[in-house]
Amino acid sequence: MHVLVCMEAVTVFEDFIIKIKNVSKDKAGMEEVKTLKKSIFEVAEAVEKFALNYGEQHLIAGMPPERIVSPKIVLAIQKAYRQNKSGFHFEEQQWQARIDIASSNFEENGSLVVAFVYKDLHDLLLTDQAIRSETDNQRNINSRIMAVTMDPKPETLRENVTLKFKNLKVLAAEKRCMFWSNLSKSFSEEGCHVVTSKSNSEETFCRCNHLTHFAVLMDYDGSTKAACITIAALMQYFLMTAFCWMLIEGIYLYFFVVKVYNINTKMYMYYVISWGLPLIMVAMSLGIAAGKEGLQSYTSDKHCWLSSTNNLIWIFVAFVAFIEVLNILILARVIEEMTNLLQPTGEDDHSHQIRIGIKACVVMIPLLGVTWLFGLLSPVHKAFVYIFTILNSSQGFLIFALHSMRNTQIRERFKRKMNIVFPSSVKNNSTRKSSQVNPSEAGDEWAVELQSC
C-alpha cells in the first residue's frame, strides 16, 4: 500500500513531463517553453523530497533497498549505515546506468539515500539550443539524467560519488561530467570530472564531490556531428546510385535478350535516372529528419548511417528491396529466354539448358546486386550477416572477372593494345571481326558469350 503511494507520485511527475512535451509540440512561445523546462528540475526535486519522506516513515534499519520501476523512471530508496562496508550501489541494467556511494559518506546512525534514473528526461533538454561553453563550443546532453540525494545531506562528501552513464551518441567529442545548478539554472561542471581510465566511446564514468542531478555533456565545435551527417548522406547517395545502375543493367539485359532491341542510344536517360533519383531520395531523407527532430536525427546514435529510431532507414531498405525484386523478375525472364534460344541436343536431355541457366545465375547475380537480399535478411539471423559480407565483398571482383576478363570484345581490344606496346614478330594478317552486334541476333550472341564464361 505504501509503495503505491510513492508510485502515484512518480506517475504524477511522468504526466508533468508528457504535458511539457505536448506544449513543445504545440509550438508555444519559446520563453514559455524554456520556463516550463527549467521548472522540470524543481518538480523533480519535489518528487525526491517525497521519496525521502516516504523512506523516513516506512523503511526500517536492515531492510534491503526498495526499488520502484515505472516506464520512464527507476528509483531506489535505502537506509544506509557507515558500518556497512559495501556502501550504496544502484544499477539499472536496461539503461546501463549505475551509482556508487562509499559507506564513509553515511552517518553513524544511518542516512537515507534516494537515487533516480530518468529514461527520457534528457529529450526535453535536447530540443533546446545547444549550451555554449566558455570557449564558445557547443555542449549537448549525451546521456540519461541521474539524480541522487541523501538525508541528512552532507555539506561535502568524504569520498566522491561514482556514476556510470551510457553515451547516447558514440562520437569523437570531448565529454564532460556536469550537474544541474539551481543557482544558475544551467549545467555546471564544478566538482565533477571524467574518469578517463574507465571511460570509452560507449560509456562514461564520472566522479563528483556532491549530490544532485547529473548528466554527461559533449563539448564540440559542431564540425564532428556535421561530418557524420555528410558521411551518412554520401553513403546513402552512392549506394542508391549503385542500385540504380544495377537496375539499368537489368533493363538493358531484358531489352537486349528478350526484346532484341538495342538501347545504347538512350544513355542520357540512364545518367539522369541513376544520378538524379538518389539525389531526390537523399534530399527527402534529410528533409524528414530536419522537420521531425532536427538534422542531427538523420544519423544513428552509434554509427554515421541512417537512423532507425525515426524510421529513416526504411527509405533506403524500401528502395533496395524494390530494385532487387525487379532485377530478380528480369533475371528469371532472361534465363527463360536464353534456355529457349539454346535447345537441348537430345529430345529428353535438358542438362544443357540447366547448365545454361546455372551459368546465367552465376554471371548475372553479382551484376544485378541480388546478393544484397542477404543484407536485408541480416536482422533475422546472424548467419545472413556472414553470407552477405562474403558475397558482397566479392561483388566487384566477380563483375570484373565475369564481365570484363571473360568478355571477348574486351580481350580482343586488350590484345590489340598489347601488340602495340609489345609488337609481335609474327604479324597476324587475319581479318578482325567487327565489334558491332546485329540487334536481330542479340539474344543468340549473348547466349553464346555466356556459354564461353
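**Exercise 1.** State how far apart the end C-alpha atoms of residues 383–405 lie, and how much of the span is helix.

*Solution.* The end C-alpha atoms of residues 383–405 are 32 Å apart, and the span is 96% helix and 0% strand. Helices (H or I, at least four residues) and strands (E, at least two) are DSSP runs, numbered from the N terminus. This is a predicted model, in which local features need pLDDT of at least 70, side-chain atom pairs count only at pLDDT 80 or more, and totals for chains, interfaces and linings use all residues. Residues are numbered from 1 along each chain as its sequence is written, and side-chain values use heavy atoms, with hydrogens and water left out.

Next, take residues 311–335: their end C-alpha atoms lie 37 Å apart, with 92% helix and 0% strand.

**Exercise 2.** Decide whether Ser274 is buried or exposed, and list its contacts.

*Solution.* Ser274 belongs to helix H5 (residues 267–292). Its relative accessibility is 0%, so Ser274 counts as buried (buried: under 20% relative accessible area; exposed: over 50%; partly exposed in between; 1.4 Å probe, protein chains only). Leaving aside neighbours within four places in sequence, Ser274 contacts Thr241, Cys244, Trp245 and Ile248 (contact: heavy atoms within 4.5 Å).

**Exercise 3.** Give the strand order of the open sheet and identify its edges.

*Solution.* The order of the five strands is S3-S4-S9-S13-S12, with antiparallel pairing (two strands pair if DSSP finds at least two bridges between them). Strands S3 (88–92) and S12 (192–194) are the edges: each has a single partner strand, so one side of each lacks a neighbour in the sheet. Within the sheet, S9 (residues 161–166) and S13 (residues 203–208) pair over six bridges in the antiparallel sense, and Val161 stands opposite Cys208 in S13.
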